[in-house]
Amino acid sequence: IACTSLLLFVLLTRFVSRLKQSSDALRESQQRLDFLVKNTSDSLVILNSDGSQRYVSPAAGKITGFPISELQGKTIDLLIHPEDLGQVMAAWDEAVGHPDRIVTVQYRHIHKTRGWVYSEAVAQSFLGQPPVDGVVATVRDITERKAAEEALFRKDALLKAMLRNLPFDFWARDTDQRIIMQSDESIRLWGDLTTDEALD
């Protein structure tokens, strides 16, 4: 009996030790995950099948200006610019209809104090798959990037307008030696030498 009790005690001790190690590893893993979610600049969102936000990570507060408590439970149609809602819903339908696909969409999102800001969401559906059972999306603020793209577009349009209106024969080639730009005077002298491929 003493030997059996001793063996049982040793086995129980080892079991408790392994259980504690597993618990410590699980706690450490959870802490690591919590740290990453809290300190990433992208927002992590889990949406229910009706589009309501069940979980919103802390970064959403920085992106939208709203407290997390005001975002949770709200449906996406209340937060997205009306002009962008159609493309967002099309992306939603694609994600829900094709769970194997990762869907990306850009849109304007309401910010509590700044008005409309540009966001980019990357989403995949895990509806019906426990423990998530929702559409998971990472959302990034791309307002500065959009502003830079628009500024570059305006500068490019201005440059093209200036070059087109030069009062002499001017043209430019790309690295493939295709003529990609001509002044109006050059077109008058030689005809339009640009190609459709160069203009795309």
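Of the 200 residues in this chain, 28% count as buried. Keep in mind that you are looking at a predicted model. With the whole chain on screen, colour it by accessibility. The accessible surface comes to about 13,600 Å², and 60% of that belongs to carbon and sulfur atoms.

**Stop 1: the whole chain**

Switch to a cartoon view. You will find 7 helices and 7 strands. How much of the contact in the chain comes from residues 24 or more positions apart? Among contacts with a separation of 6 or more, such residues account for 33%.

**Stop 2: the sheet**

Now select the strands β1 to β5. In what order do these 5 strands sit in their open sheet? The order is β2-β1-β5-β4-β3, with antiparallel pairing. Because β2 and β3 each have a single partner strand, they stand at the edges, and one side of each is left without a neighbour in the sheet. Turn the view and look along the strands: neighbouring ones are turned by 30 degrees against each other on average, ignoring direction.

Next, pick out β1, residues 43-47, together with β2. These two pair in the antiparallel sense over 3 bridges. Zoom in on L47 and you will see that it stands opposite Q53 in β2.

**Stop 3: Q53**

Stay with Q53, which lies in strand β2, residues 53-56. Is Q53 buried or exposed? Q53 has a relative accessible area of 8%. Buried means under 20%, so Q53 is buried.

Show its side chain and the backbone of L71. The side chain of Q53 reaches the backbone oxygen of L71 at 2.9 Å. Now select the surroundings of Q53. Leaving aside its neighbours within four places in sequence, Q53 is in contact with V45, I46, L47, L71, Q72, G73, K74 and L79.

**Stop 4**

Select α4, which covers residues 85-97. One of its residues is M89, which counts as partly exposed at 32% relative accessibility. Select V105 too: M89 and V105 are 16 residues apart along the chain, and their C-alpha atoms are separated by 9.8 Å.

Helix α5 lies across β3, β4 and β5, running at about 115 degrees to β4.

**Stop 5: salt bridges**

Side chains of opposite charge can pair when their charged atoms come close. How many salt bridges does the structure hold? There are 12.

Begin with E70 and K112. Their closest N and O atoms are 3.3 Å apart in a salt bridge. This pair links distant parts of the chain: E70 is in helix α3, residues 68-71, while K112 is in the loop between β3 (103-111) and β4 (115-125), 42 residues apart. Check the accessibility colours on both. E70 is partly exposed, with a relative accessible area of 31%, and K112 is also partly exposed, at 43%.

Move on to R114 and D141. They form a salt bridge whose closest N and O atoms are 3.8 Å apart. R114 sits in the loop between β3 and β4, and D141 belongs to strand β5, residues 135-141; the two are 27 residues apart, so this pair too links distant parts of the chain. R114 counts as partly exposed at 46% relative accessibility, and D141 is partly exposed with a relative accessible area of 31%.

Because R145 lies in helix α5 (residues 143-164) and E120 in strand β4, the pair ties together parts that are 25 residues apart in sequence.

Methods: Residues numbered from 1 in each chain as written. Predicted model: local features only at pLDDT ≥ 70, side-chain atom pairs only at ≥ 80, totals over all residues. Heavy atoms only, no water. Helix = DSSP H or I, 4+ residues; strand = E, 2+ residues; numbered from the N terminus. Buried < 20%, exposed > 50% of the residue type's maximum accessible area, 1.4 Å probe, protein only. Polar contact = N/O pair within 3.5 Å; in protein donor to acceptor, adjacent residues only side chain to side chain. Contact = heavy atoms within 4.5 Å. Salt bridge = Lys/Arg side-chain N within 4 Å of Asp/Glu carboxyl O. Areas by Shrake-Rupley, 256 points an atom, 1.4 Å probe, with all protein chains shown as cover. Pairing = 2+ DSSP bridges. Axes fitted to C-alpha atoms, helices over the stretch in contact; angles between N-to-C directions.
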